[in-house]
Amino acid sequence: MSGSTPQLAGRILSGIQPTGNLHLGNYLGAIRNWVALQKSFECLFCVVDLHAITVWQEPKELLRATREVAAGMIASGIDPVANTLFVQSHVPAHAELAWVFNCVARLGWLNRMTQFKDKAGKDKEKASAGLYVYPNLMAADILVYKATHVPVGEDQKQHLELARDIAAKFNNDYGVNVFPLPEPVIKGPGTRVMSLRDGAKKMSKSDPSDFSRINMTDTQDDIAGKVRKATTDPGTLPDSPQGLEGRAEAANLLNIYAALTDRTLEQVIAETAGWQFSQFKAKLTETAVAVLGPINAEMQRLMADPAEIDRVLARGSEKANAIAETVLAEAYAAVGFLPRKR
Ligand code: TYM
């Protein structure tokens, strides 16, 4: 039999910060989609520790969370052999290209970034300089591999637009065609998972209330308790998407259910129309436990052998470095830097 390799649709790069616990938003907005895309794309997945320190991280906790994010990706079904799974700080070309991009991106562009405004809060003077130039580093993460597609949650859209602007300006300023413009892949009902307490707020690692999110390490009891306490409204479940207008919490729970079962919002509405929330919450709990339970167990198993995780990540960084160094050299040559003698 002739073993023909299927044609890949492009190259993917995406990343997750090792800050706090992985949660359902990370899983449904990013990781679950990566698992589906890994068959048709060449994929690089990265634990972005350089991004994490743009706000203070306890060193021991950062180290633990770095391995845990890698374990979470593998436990969810990312194949670390077929794909490239690595830690950002192990590939120096990210930071090196980011410096060039600091000189390409305009202050006006960075001033528009809503995530900086949200994270810096009221006292911008006290935010780190790194937090401000964070999007330039993110552009470097993507472009240092000439990635063509970037699967992320909705909250990263503005950063991806900036990465495209940086790629276009670099190419234009230097009269080259080094960087392709990366396409955002933001698809499905899980791209914006909201807090379980407040349907207007994104589910996030930094929310002070642990009841606002389902962590990938939560036990069955934790999940049941959080879903039971999730904010709802006095109605029953609607029979059409229009019936979700002004009902952010109900919409969120239905979107979560749809994403967990790989269905559309319309399909799950057809199943649950007219249900009481109590009945729906029981179903949602059962589904979330069935999906997350085995992942959680596999994460624990992987975390029991950190040396093995480190070996997987070391192999990944070797593969990543090989690509990134070549692209960095191409960018440096375009800029006019004297070639480094090897
Ligand atoms: P981070 O670490 O905040 O989140 C990792 C991924 O999870 C998605 N996500 C969500 N999706 C749906 N609903 C939510 N509530 C939710 N919360 C998080 C994010 O959209 C993301 O896809 N800047 C990035 C990390 C990064 C990156 C990159 C991503 C650095 N370099 C290059 C792609 C390409 C971030 O802070 O993600």
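How many of the 342 residues of the protein chain count as buried? The share is 50%, where buried means under 20% relative accessible area, exposed means over 50%, and partly exposed lies in between (1.4 Å probe, protein chains only).

The model is predicted: local features need pLDDT of at least 70, side-chain atom pairs count only at pLDDT 80 or more, and totals for chains, interfaces and linings use all residues. Residues are numbered from 1 along each chain as its sequence is written, and side-chain values use heavy atoms, with hydrogens and water left out.

## Overall form

The protein chain contains 13 helices and five strands; helices (H or I, at least four residues) and strands (E, at least two) are DSSP runs, numbered from the N terminus. Its C-alpha atoms occupy a box of roughly 70 × 55 × 40 Å along the principal axes. The radius of gyration of the protein chain is 21 Å, which agrees with the value near 20 Å that a compact globule of 342 residues would have. That radius is taken over C-alpha atoms, and the globule rule is 2.2 Å times the number of residues to the power 0.38.

Among the contacts in the protein chain with a separation of 6 or more, 76% are made by residues 24 or more positions apart; a contact means heavy atoms within 4.5 Å. The protein chain exposes about 16300 Å², of which carbon and sulfur atoms supply 54%. Accessible areas come from the Shrake-Rupley method with a 1.4 Å probe, and for residues only the protein chains shown count as cover.

The 38 positive and 38 negative charges of the protein chain have mean positions 3 Å apart. Lys and Arg count as positive and Asp and Glu as negative, while His and the chain ends are not counted. Each charge is placed at NZ of Lys, CZ of Arg, CG of Asp or CD of Glu.

## Arg32 and Asp262

Arg32 belongs to helix H1 (residues 24–37) and is buried, with a relative accessible area of 18%. Its side chain is joined to that of Asp262 by a polar contact of 2.8 Å. A polar contact is a pair of N or O atoms within 3.5 Å; within protein, one must be able to donate a hydrogen and the other to accept it, and residues adjacent in sequence count only if both atoms are side-chain atoms. Beyond its neighbours within four places in sequence, Arg32 is in contact with Tyr27, Ala259, Leu260, Asp262 and Val291.

Asp262 sits in the loop between helix H10 (248–260) and helix H11 (265–272). Whereas Arg32 is buried, Asp262 is exposed, at 62% relative accessible area. Phi of Asp262 is near 55°, a positive value in a residue other than glycine. Lys146, in the loop between helix H7 (129–143) and strand S4 (149–151), also has a positive phi, near 50°. With a relative accessibility of 25%, Lys146 counts as partly exposed.

## Buried positions in helices and loops

Helix H9 (residues 220–229) has Ile223, Ala224, Gly225, Lys226 and Val227 as its buried residues. Their cover includes helix H12 (277–303).

Ser195 lies in the loop between strand S5 (183–185) and H9, and is buried at a relative accessible area of 2%. A polar atom of the Ser195 side chain is 3.2 Å from the backbone nitrogen of Asp198. Leaving aside neighbours within four places in sequence, Ser195 is in contact with residues including Lys201, Met203, Asp207 and Asn252.

Ala98 is part of helix H4 (residues 93–102) and is buried, at 7%. Not counting residues up to four places away in sequence, Ala98 touches Asn136, Leu137 and Ala140. Val48, in the loop between strand S2 (42–47) and helix H2 (49–52), is buried at 6% relative accessibility.

## Pairs separated in sequence

Gly336 follows helix H13 (306–335) and is exposed, with a relative accessible area of 57%.

| Pair | Separation along the chain | C-alpha distance |
|---|---|---|
| Val48 and Gly15 | 33 residues | 6.0 Å |
| Ala98 and Tyr134 | 36 residues | 9.0 Å |
| Gly336 and Tyr174 | 162 residues | 9.3 Å |
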